[in-house]
Amino acid sequence: QVRGLCGTFNGDQRDEFTTPEGDVELAVAAFANAFRAAASCPALGPGTPDPCDGSPGSRERARAACAVLVGPAFQ
């Protein structure tokens, strides 16, 4: 009985991106845009935005954290 941005939680991944109108979207951006409040936030484009673009230095911190995970401590 779960619907919306949390998906349907029924074990069928084919209907996880069901919009409020009952359509099933294939693209993440189209699905997310279906839940936008009218004109209160910009629509997502067809590509997924890079999370590192919005925060200076985040790419370097992410690379450093990943280096630890793939380094000798976790081998």
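This is a predicted model: local features need pLDDT of at least 70, side-chain atom pairs count only at pLDDT 80 or more; totals for chains, interfaces and linings use all residues.

Q: Okay, salt bridges first. How many are there?
A: The count comes to one salt bridge.

Q: Which side chains meet in it?
A: Those of R14 and D12, with 3.0 Å from N to O. The cut-off for a salt bridge is 4 Å, so this pair qualifies.

Q: And is R14 buried or exposed?
A: R14 is exposed, at 69% relative accessibility. The cut-off for exposed is over 50%, which is why R14 gets that label.

Q: Switching to cysteines. What's a disulfide again?
A: A disulfide is a covalent bond between the sulfur atoms of two cysteines.

Q: How accessible is C41, then?
A: C41 is partly exposed, with 34% relative accessibility. C66 is partly exposed too, and its relative accessible area is 44%.

Q: New topic: where does G47 sit?
A: You'll find G47 in the loop between helix 1, which covers 28–34, and helix 2, which covers 58–69.

Q: Buried or exposed, or something in between?
A: G47 is partly exposed, at 48% relative accessibility.

Q: How far is G47 from V28?
A: Their C-alpha atoms are separated by 8.8 Å, and along the chain G47 and V28 are 19 residues apart.

Q: Last thing, the surface. Which residues form the nonpolar patch?
A: V68, L69, V70 and F74 form it, and together they have about 430 Å² of accessible area.

Q: Where's V70 in all this?
A: V70 lies in the segment after helix 2. At 63% relative accessibility, V70 counts as exposed.

Q: And where is F74?
A: F74 is also in the segment after helix 2. F74 counts as exposed, with 56% relative accessibility.

Q: Which residues does F74 touch, if we skip those up to four places away in sequence?
A: With those left out, F74 touches V68 and L69. Both of them belong to the nonpolar patch along with F74.

Note on methods:
Residues are numbered from 1 along each chain as its sequence is written. Side-chain values use heavy atoms; hydrogens and water are left out. Buried means under 20% relative accessible area, exposed over 50%, partly exposed in between (1.4 Å probe, protein chains only). Helices (H or I, at least four residues) and strands (E, at least two) are DSSP runs, numbered from the N terminus. Patches are made of residues with over 30% relative accessible area and no salt bridge: like charges are joined within 9 Å, nonpolar side chains (Val, Leu, Ile, Met, Phe, Trp, Tyr) within 5 Å. Accessible areas come from the Shrake-Rupley method with a 1.4 Å probe; for residues, only the protein chains shown count as cover. Contact means heavy atoms within 4.5 Å.
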